[in-house]
Every structure is written in C-alpha cells, then in structure tokens.
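The explanation below goes through them in turn.

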Amino acid sequence: MKILVTGGLGFIGSHTCVELLEKNNEVIIVDNLNNSKESVFDKIKQITKKDNLKLYIEDVRNEENMDKIFSENDIDCVIHFAGYKAVGESVREPIMYYENNLCSTISLIKIMKKHNVKKIIFSSTATVYGEPESSPISEDFPTGKTTNPYATTKFMIETILNDLYKSDNEWSIAILRYFNPIGAHKSGLIGENPNGIPNNLMPYILKVAAGELPKLNVFGNDYKTHDGTGVRDYIHVVDLAIGHVKAIDKIANETGVKIYNLGTGIGYSVLDIVNTFNKVNSLNIPYEITARRPGDVDEVFSNPQKAKIELGWEAKMNIEEMCRDSWNFKKNNM
Ligand code: UFG
C-alpha cells in the first residue's frame, strides 16, 4: 500500500514509518519539522535499508501543496499524526492548539475527499476519557469531559471523523487511543528527545540520567495506588507502531469507524518506573517527592482486549525493555 504519514518524523510517526516499510509498504511523509528533525528521515532509511519512502517538508494546512502531493502520489491510505501534543502548553495557548490540530485535520480530509482517498488512521489519546471513573478503561467508557485543550482537540477530531462517516459510508476510519508511549527503536537511532524541560515522565528521567537536569520531581505520593505515586499504562513505542500496521490491515477491507485503545493493560507507578530504570541501566536517578501536578489522577490503564480480538494485536514488550531502550536511545544521542 501507498501510505501518506503526516508527522512521520515525530516520535510515534517515525517508529510507525519503520514498521510500515518493514512490511513493504510505500511511505510518503509530510512533516513541517515543528517538533521533529529532518535527520530522522535518514535514520528511518538507515534502519530499514529501504528506499520506497519520500519526504515532503510541508504543513498539512497548506491545501494547495497538499493537493499537489496527492496528485503526484497514488495514495491508498493516510495516517494522521501531525499535531501539537503538550498538555500544559495547550492550557496556556488554547487557540494555537485548536487552530493547528483542528484546521490541519479539516484541510487533510478535504484533500482526501477531493482525491477519493477514504481510509484514515487517526492518532488519538487516552486523555479523551478525561478523569475516568475507574481502570481498566475500555473503548465504551464516556469521552469528552476532557481536562485540557489538547485533549479537547483530539475529542473534537474524533467527533468530526464520526460525522464524516455518517455522511459517507465509504470511509474506513480507525481511531487509536494511545496510553503512555515510551521506549525507542532497538537500533538507538530514533526515539523521543524533546527540547527544553520535558513534561512527561520518561523524557524527564532521561535528562536526569544524562546529567542535563539535577533530579526528578515525583508529583505526589498520596495517590490511591500501591506506593502512593501515579499509575499509568506505559507502552513500548514499537508495539504502538505495530498497532498501526494492524489497523491498516483492518481498514483496508472494511468501512466504518473503529476505535481501539493501544495500551498494555498493566499499570506501573512513577516509582516502579524509576526503580526499573535504575535496575536495568545500572543507574541511580536522584528524585524528590513534590506536590501533586494539577489535573493528574490516581491511576489510568487500558483494557486492550478489543484490539487483541479485532486487530490480532497486543503489546509484547515489557517495562524492562521500555526502560532499557529509552536509555539506549538517549545515550546514543547526547
Ligand atoms: N510525573 C512525575 N514527574 C514528572 C513527570 C511526570 O512524577 O516530571 C508523573 C505524573 O504525575 C504521572 C506520571 O508521571 O503520574 C505520568 O505523567 P506523564 O506526564 O508522562 O503522562 P500523563 O499520563 O500525564 O499524560 C500522557 C501524555 C498525554 C497523553 C496521556 C495518555 O502527556 O499526552 O499520557 O494517557 F494523552
């Protein structure tokens, strides 16, 4: 298949491109380098030793140029990763988030319609569930009571995609709700390396391990969990990437809107992650217990059964591999 991947140089996008190429798909990346580096393109080639991939440095909102890209390439399917994703920033800059995430998706769908491409996989998030009543969370849990503009953009796009299908039953749409992706490709060539002070736990731990930040702040130890620190469903980014390949198989032959959680179904606390990271990498991350971070909840983990039954997909890599591969990437890219 010929697959257009928006945001294909980003953390999840780049790992997904690798898995698509390994399955002999043709990949066309559209990325505006907002939160990624052009060098990732060569890393993808280096890992896969494939040359059936192209890169357009372009903003998805540029409809004229996107139209040309669709005309030049006989695209079968789109995976839409491109978008802003920082929760805290979205609270400070909501309009920027609504404009970028919503307008890019609407532009993309307009061009897809024009070129009669009606298969799309959308990068959604477990934060569409808001503050869930309980875990494990299955796909039929209520969505929409989101707690920040980033999550609201994802919820709104899910709504748009549902309406799109209602208006035209030829569309095949998969909405993938990610839990907490960490880890990196085994090669150590691609991974997550945000600029500045990271918001998320693993990128923060990596900067402490590298000596770039003095210590980890553990946000609260009075949650209702086994050790008091917040519990999340961490998933290896390569497992997540493989989930997209399985979702393509699904939407290739079936129309409709399919929604899947991509998680492991297992929750680990902040201190579980710190301890495992220390053990597998023979390190000792300094940390301090600090105040809770506003908006955080006790525990969030998935029920991944639907993806297992309908996609034949389940996460295979354990927390030790996630912690080892995360550090392996960071060590190679300091
Ligand atoms: N945490 C710390 N210290 C830090 C950063 C995080 O203790 O410096 C804790 C948090 O309090 C939380 C856990 O580590 O208990 C995980 O926090 P992250 O920020 O890594 O992840 P979140 O679960 O808050 O949110 C992430 C992404 C969202 C995504 C969501 C899906 O940021 O984009 O997972 O559940 F939607």
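R292 lies over the face of Y223, 3.9 Å from the ring centre. A charge sits over a ring if NZ of Lys or CZ of Arg is within 6 Å of the ring centre and within 35 degrees of the ring normal. K306 has its charged end over the ring of Y260, at 5.1 Å from the centre of that ring.

This is a predicted model, in which local features need pLDDT of at least 70 and side-chain atom pairs count only at pLDDT 80 or more, while totals for chains, interfaces and linings use all residues. Residues are numbered from 1 along each chain as its sequence is written, and side-chain values use heavy atoms, with hydrogens and water left out.

Rings can also pair with each other. Two aromatic pairs are found in a search of the whole structure. The centres of the Y84 and Y97 rings are 5.2 Å apart and their planes are at 55°, so this pair is tilted. Rings of Phe, Tyr and Trp (its six-membered ring) pair if their centres lie within 6.5 Å; planes under 30 degrees apart count as stacked, over 60 as edge-to-face and the rest as tilted. Both Y84 and Y97 are buried, that is, under 20% relative accessible area with a 1.4 Å probe and protein chains only, where exposed is over 50% and partly exposed is in between.

The other pair, F277 and W327, is edge-to-face, with 6.2 Å from centre to centre and 65° between the planes. F277 is buried, at a relative accessible area of 0%. W327 is buried as well, at 8%.
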